[in-house]
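Here's a quick tour for anyone meeting this protein for the first time. Have a look at the structure, then read on.

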Amino acid sequence: GGRDDVSALWGRIGSNLTLTCKAKGVTLEKAQKKFASILKAKLNDSPPYIEVTPNNDGQSVATAGSQAAPGTVRAVIARVIPQLCGSLTDETELEPYLLNDLYVMEEKFNGKRKEVIKAGHKLSITNKQGQTTGVGMLPKTQAEFLKVSFDFTVDTEDEPVGGGCMLLDILTIRNQPVDRRTGDERREMLEAFYQEAGFDPKVIRLAEQVNGQKAKRDFLARLKKTKAEGCIFKNRRAAYLPGEAGRAEWFNTKFQATASCMVDAVMVGGKRSIALALWDGRKRVSVGKCAIPVNKVMPEGVNTVVEIRYIYAEHGSNKLNQPFYLGPRDDVGINECRISQLKYKQREAGPGL
């Protein structure tokens, strides 16, 4: 029987939402009428919004941009979350995957994961969090995708070292979801898609994939020689599993130590440097400072996520040895900045050990 304010949170799914007061001091009945009025207006917008329910967020692969009417992309639908990888922390853990032909091997790239959705004459690009973004994907790359005559959804690594965009997987093609197909089937479709699309190979490339013990060992040696970031092993028989679910089927390892860190402070000591932090459980811990090269833009502020390359982390202090700033990571959330990423300096054996 009391009276309350009616407020609404609005903004893109996955972004920092804005709180707005819609009505002050109203009854529950009036609040419900106000809600119904706002909802009706949004569902009648052009293009319309989609009502999200506990059992339907309107953002599955099957209803991604390739399923929209030609020439339209509904921003709320374009939330395709890429498959994540389990981590192999020690090189000895690679051996079972090198021996087992169930797992194919690819290079791990150091760009940014982007899901590219083409619907009609428009592209929608989502990052690792499933948030709509255009950051980092150059106009010439988008132009290559747009010249394809049919709709599709592909998993890519945007702007790795060497530039361009790397095709990793395919999720929909010509209005048909293929994410539930096996890895082998999707790879065959991806290769056919690449050939039919006729991309400029200087702009869009197809990730190399190998299988067989000798081929994988030779590939591993080549990746190390060329100082690649790492490698990935993918289950040939598994479907594409977005987000955390994918960690049971895909596994990667890094040849170089890198970590996604939160910015704790900017311009530390008045210099071009930042303080870094990671989550240790629910505790936020410092992992040291890092200088920002003069040819790099300073991070925007506290809680910005940045990528840091380092030699090793110190036991006890968790400080990063010789940290080097690689750049911002708009595709990584602060909840992913965990201390479990770190590789520590190998302990020296004591006397008699």
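How exposed is K147? With a relative accessible area of 44%, K147 is partly exposed. Keep in mind that this is a predicted model.

K147 pairs up with E144 in a salt bridge, and their closest N and O atoms are 3.0 Å apart.

## Other salt bridges

The structure holds 16 salt bridges. One of them joins R217 and E95, with the closest N and O atoms 2.5 Å apart. This pair links distant parts of the chain: R217 is in helix α5 (residues 213-225) and E95 is in helix α2 (residues 95-99), 122 residues apart. R217 is partly exposed at 35%, and E95 is partly exposed at 32%.

## The nonpolar cores

The largest nonpolar core has 25 residues, and I274 and L276 are among those with the most contacts inside it. Strands β14 (258-266), β15 (273-280), β16 (283-291) and β17 (305-309) each give two or more residues to this core. Apart from it lies another core of 22 residues, including V116, V148, L167 and I173.

Definitions and conventions
Residues numbered from 1 in each chain as written. Predicted model: local features only at pLDDT ≥ 70, side-chain atom pairs only at ≥ 80, totals over all residues. Heavy atoms only, no water. Core = buried A, V, L, I, M, F, W, Y, C linked by side-chain atoms within 4.5 Å. Buried < 20%, exposed > 50% of the residue type's maximum accessible area, 1.4 Å probe, protein only. Helix = DSSP H or I, 4+ residues; strand = E, 2+ residues; numbered from the N terminus. Salt bridge = Lys/Arg side-chain N within 4 Å of Asp/Glu carboxyl O.
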